[in-house]
Amino acid sequence: MPIWEHERSSSIILRCHTMRYEREKNMLEKEDARNIKKYIVLTYMIFWLLLGLTGYMIFLKVPLYIQVIMKNICAWSPTFVILIMFKKLYPSMTFKEYMKLHFMKKINPRDFLISFLLQAFIAVAAVLSFFIITDKPLNSMTFISVSTIIPVVIINLTAGPLGEELGWRGYALNILQNKYIPLTASLIVGVIWGLWHLPLMILSGYSGLELVYYIIAFMVAVISLSIIITFFYNKSKNILIAMWMHFWFNFLLQIVIIDLLPMIIALSVGYLILAILVVIMNKNELLVKKEETN
């Protein structure tokens, strides 16, 4: 065979392989898009159903511990949907392999420490801002009692951190990062994650402008936290770091007993500033599309 014919044949074969790869890639992207839409809708529906059931139990005045358990079960809807849709989302993987994939990868201990210190700094700054703005003396600050710390830790840990992160970061973030840069994927997950809390925000007790301020502040805080979690999570792809940061976000809100609205507003400003700094200082990690992940 003449050289020019051989080169032409090789070129045709290469184009065929490229076209087939692009077709398969487009099919996978369309399948991922359909699956994540179904995942989000089902997660919202199950959350609302469980929340409605919890409200009915509260109306019936069931024992307080049952109310607390039901409230925590509501937070597990993102993981419940992973279990329900698992075979469709991961047809070539067992659930045991899925768990190993998300929990067995090594995390640098410094990431746990740094992420905690950053969040603690924001919480302290938010509390101090509250007392400075309201012109209240610092010695009037009230903390939760020592006897309630362990129950509060257990309740916070077994709710959002353990119940949500296999869904938000373990599934949604990874799938979205196959198509978008990490920052864009973080923003999408942050919006989904924040709006998922909308019924709880409506039931917060605030109304009118206060409710509007609360929703805006909460959404800003959660979307900003989503960006920061993505940065730390992508370092190891171990979901424990996301659970760790989610826990501290919730727990630090409850250490000092003050009005939640000014606290969440101050926190939203702190997390927004930190998210912007994280993006500016880590452009290669957050503004460049990563290789496909599970």
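Which residues of H3 are buried? In this predicted model, helix H3 spans residues 77-89 and bends by about 45 degrees at Leu83. The buried residues of H3 are Ser77, Pro78, Thr79, Val81, Ile82, Met85, Phe86 and Leu89. In general terms, an α-helix has 3.6 residues a turn, so residues three or four places apart point the same way.

The packing of helices H6 and H11 was examined next. Two packed helices are described by the angle between their axes and the distance between the axes. The axes of H6 (residues 146-157) and H11 (residues 239-252) come within 9 Å and cross at roughly 135 degrees, which makes H6 oblique to H11. The crossing in which H6 passes H11 is right-handed. On the H6 side, the contact is made by Ile149, Val152, Val153, Asn156 and Leu157, and H11 contributes Phe247, Asn250 and Phe251. Classified by residue type, the contact of H6 with H11 has 6 nonpolar and 2 polar residues, with no charged residues.

A further position considered is Ser268, which is located in helix H12 (residues 260-281). The relative accessibility of Ser268 is 6%, and Ser268 therefore counts as buried, the cut-off for this class being under 20% relative accessible area. When neighbours within four places in sequence are left aside, Ser268 is in contact with Ala217, Val220 and Ala221.

How values were computed. Residues numbered from 1 in each chain as written. Predicted model: local features only at pLDDT ≥ 70, side-chain atom pairs only at ≥ 80, totals over all residues. Heavy atoms only, no water. Axes fitted to C-alpha atoms, helices over the stretch in contact; angles between N-to-C directions. Helix = DSSP H or I, 4+ residues; strand = E, 2+ residues; numbered from the N terminus. Parallel < 35°, antiparallel > 145°, perpendicular 65-115°, else oblique. Left-handed = near helix turned anticlockwise from the far one by under 90°. Contact = heavy atoms within 4.5 Å. Nonpolar A, V, L, I, M, F, W, Y, C, P; charged D, E, K, R; others polar. Bend = angle between axes of the 7 residues up to and from the residue. Buried < 20%, exposed > 50% of the residue type's maximum accessible area, 1.4 Å probe, protein only.
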